[in-house]
Amino acid sequence: KTKEEIEKMITHLGLKDGKYDAIYIRRGDKLASEGTFKETAQYIDVLLKKSPECDTVFLQTDDYQCFLDLEKYIQDNQLKIRAVTTCNQNVRGSVTHGYYKDILKNVLSENKRNSEYIKNIMPIMNETKAVENMDSDEIYNHTIELLTGLDICRRSNACVTDYQSNVGRFIKLAHENGDRVFDVSNPDNDIDYLNHECPAYHF
């Protein structure tokens, strides 16, 4: 059933294996303590260097603002690129556990790293239901959207992600050609596969 849902979405988006590129951006509570905010433009800049013939970009994200930023980048630079996403337009960052909302508020009040981004998402984040508080249907839909996005990223020609994210590193490992997956911060460096420490704090 999951595979059927994924294939249905791929057909709906008009994507063909290896004929599109992808970007994965994780925001929301990831920026409470582990991640570092990066502009959407940084991802597309790397992608265009690694895949200059790009004409279709799939964006997997938990913040629809990334998609709006991507579309603006394409328009401002007069690029002939089609952008698609599965992200709901009302989503501005996902939350796994409710206590992350308090951490986000502390980051904001103490003006720590990522506070500018957090200031912009807090009004919506306050209303965002944490995954742990979702009912079974909501969890199912949330999971299907994520698995669909990961499978689409995995089958892309090239993908730019962020190795601070567990999911970003998973895409590197699961991609049909791992050499075509790039870290937005260090696009010419590979993952250190011998690093057994918590990677989010060390990349």
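**Notes on the fold and its spaces**

1. The strands, 5 in number, form an open sheet in the order β3-β2-β1-β4-β5 with parallel pairing; strands are DSSP runs of E of at least two residues, helices are runs of H or I of at least four, and both are numbered from the N terminus, while two strands count as paired if DSSP finds at least two bridges between them. Because β3 (82–85) and β5 (181–183) stand at the edges with a single partner strand each, one side of each is left without a neighbour in the sheet. From one strand to the next the twist averages 20 degrees.

2. This is a predicted model, in which local features need pLDDT of at least 70 and side-chain atom pairs count only at pLDDT 80 or more, whereas totals for chains, interfaces and linings use all residues. Residues are numbered from 1 along each chain as its sequence is written, and side-chain values use heavy atoms, with hydrogens and water left out.

3. Within the sheet, β1 (residues 21–25) pairs with β4 (residues 159–161) in the parallel sense over 2 bridges, and the bridge partner of Ala 22 in β4 is Cys 159. Helix α6 (residues 136–154) packs on the sheet and touches β1, β2 (56–61) and β4, its direction making about 145 degrees with that of β2. Helix α7 (residues 166–174) also packs on the sheet, where it touches β1, β4 and β5, and its direction makes about 155 degrees with that of β1. Contact here means heavy atoms within 4.5 Å; axes are lines fitted to C-alpha atoms, for helices over the stretch in contact, and angles run from 0 to 180 degrees between N-to-C directions.

4. The largest pocket has a volume of about 910 Å³ and is lined by 36 residues, of which Asp 62, Ser 94, Val 95, Val 131 and His 142 lie nearest its centre. A pocket is an open set of points on a 1 Å grid over the protein atoms alone, with protein on both sides within 12 Å along at least five of seven lines, and lining residues have an atom within 4 Å of a point. The elements β1, β2, α6 and α7 each supply at least two residues of this lining, and α6 gives the largest share, 7 residues.

5. The second largest pocket has a volume of about 180 Å³, and the residues that line it include Arg 27, Asp 63, Arg 92 and Tyr 117. Helices α3 (64–76) and α5 (115–125) each supply at least two residues of its lining, with the largest share, 5 residues, coming from α5.

6. The structure holds 1 cavity of 30 Å³ or more, a cavity being a set of grid points where a 1.4 Å probe fits but cannot get out. About 80 Å³ of space lies in the largest cavity, which is lined by 13 residues, with Arg 26, Leu 31, Thr 36, Tyr 43 and Asp 162 nearest its centre.

7. On confidence, the protein averages a pLDDT (the predictor's confidence in each residue, from 0 to 100) of 87, and 97% of the residues score at least 70.

Conventions
Grid points are joined across faces, edges and corners, and a volume is the space filled by probe spheres set on the points.
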